[in-house]
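The following questions and answers work through one protein model, moving from its overall architecture to single residues.

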Amino acid sequence: MYENQSHRDLLGYHVGDYCYKAYQKRDEVCENCAVKKSFLDGNIHKDIRSVFSGNGMKYVEITSSSLRDENGNIVAGVEIVRDITERKVMETEKEKLIADLQEALTSIKVLKGLIPLCAWCKKVRDDKGYWKKVERYIEEHSDASFTHGICPQCLQKTDPETYEEYEAKNKLP
C-alpha cells in the first residue's frame, strides 16, 4: 500500500502492487515468501531474492513482519527491502577467489627451508637422515620431474669425439 522514496529509487514505483507481481512478474505468491510466512505465524521472516528492475539486476534482502490489531489479529504486514547487490557481488568474487586459490594449492608443492646437500656428490639428506640423489629428493617433495641430458661442457670432457660432431652440427660459440 505504501512505498518510500528509497524503495522507488531502488526498484521503481510499485504502490498498490503485490510484490510477487511487481518484482518477479508472477501471478501468485513466490515459494518461501517471507510475507506469507509472517501472515501465517505472526513471526519475522527473511528472504533473499534476485530482482530485475529498471536499474538492472539487484539482490534484495526482504524482512517481513506482521501487524496486529488491538485484539492481536494479524491485519497487515510490513516488508522491508534492502539492497544487498554489492554484498552478493563481493561474496561471489570471494567464492571464486577461494576456489581459484584452492585449485592453485592442489597443484603446487613448494620446497622450503634449508636442504642439506653434499658438496662432493650432490646427494641430499632427507628428514630421516638418508642420502638421496637430488633428483629423487626433489621429485618426492614437489611435482617436478627430471629428464636427463648432457651439457656441452660435460660432453666435451667425457666424449671429445662426440662433442666435435655436436659442435660441427650446432656451430656452438
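Q: What pattern does the protein follow when read along the sequence?
A: The model is a predicted one, in which local features need pLDDT of at least 70 and side-chain atom pairs count only at pLDDT 80 or more, while totals for chains, interfaces and linings use all residues. Residues are numbered from 1 along each chain as its sequence is written, and side-chain values use heavy atoms, with hydrogens and water left out. Helices (H or I, at least four residues) and strands (E, at least two) are DSSP runs numbered from the N terminus, and the protein has seven helices and five strands. Read along the sequence, they give α-α-α-β-β-β-α-β-β-α-α-α.

Q: What radius of gyration does the protein have, against that of a compact globule of 173 residues?
A: The C-alpha trace spans about 105 × 45 × 25 Å along its principal axes. The radius of gyration is taken over C-alpha atoms, and the globule rule is 2.2 Å times the number of residues to the power 0.38. For a compact globule of 173 residues the value would be near 16 Å, but the protein has 35 Å.

Q: Is asparagine 32, with its positive phi, buried or exposed?
A: Most residues other than glycine have a negative phi. Asparagine 32, however, has a phi near 55°, and it lies in the loop between H2 and helix H3 (34-41). With a relative accessibility of 55%, asparagine 32 counts as exposed.

Q: What relative accessible area does lysine 122 have?
A: Lysine 122 is not a glycine, yet its phi is positive at about 70°. The residue sits in the loop between helix H4 (85-107) and strand S4 (124-125). Lysine 122 is partly exposed, and its relative accessible area is 45%.

Key: Buried < 20%, exposed > 50% of the residue type's maximum accessible area, 1.4 Å probe, protein only.
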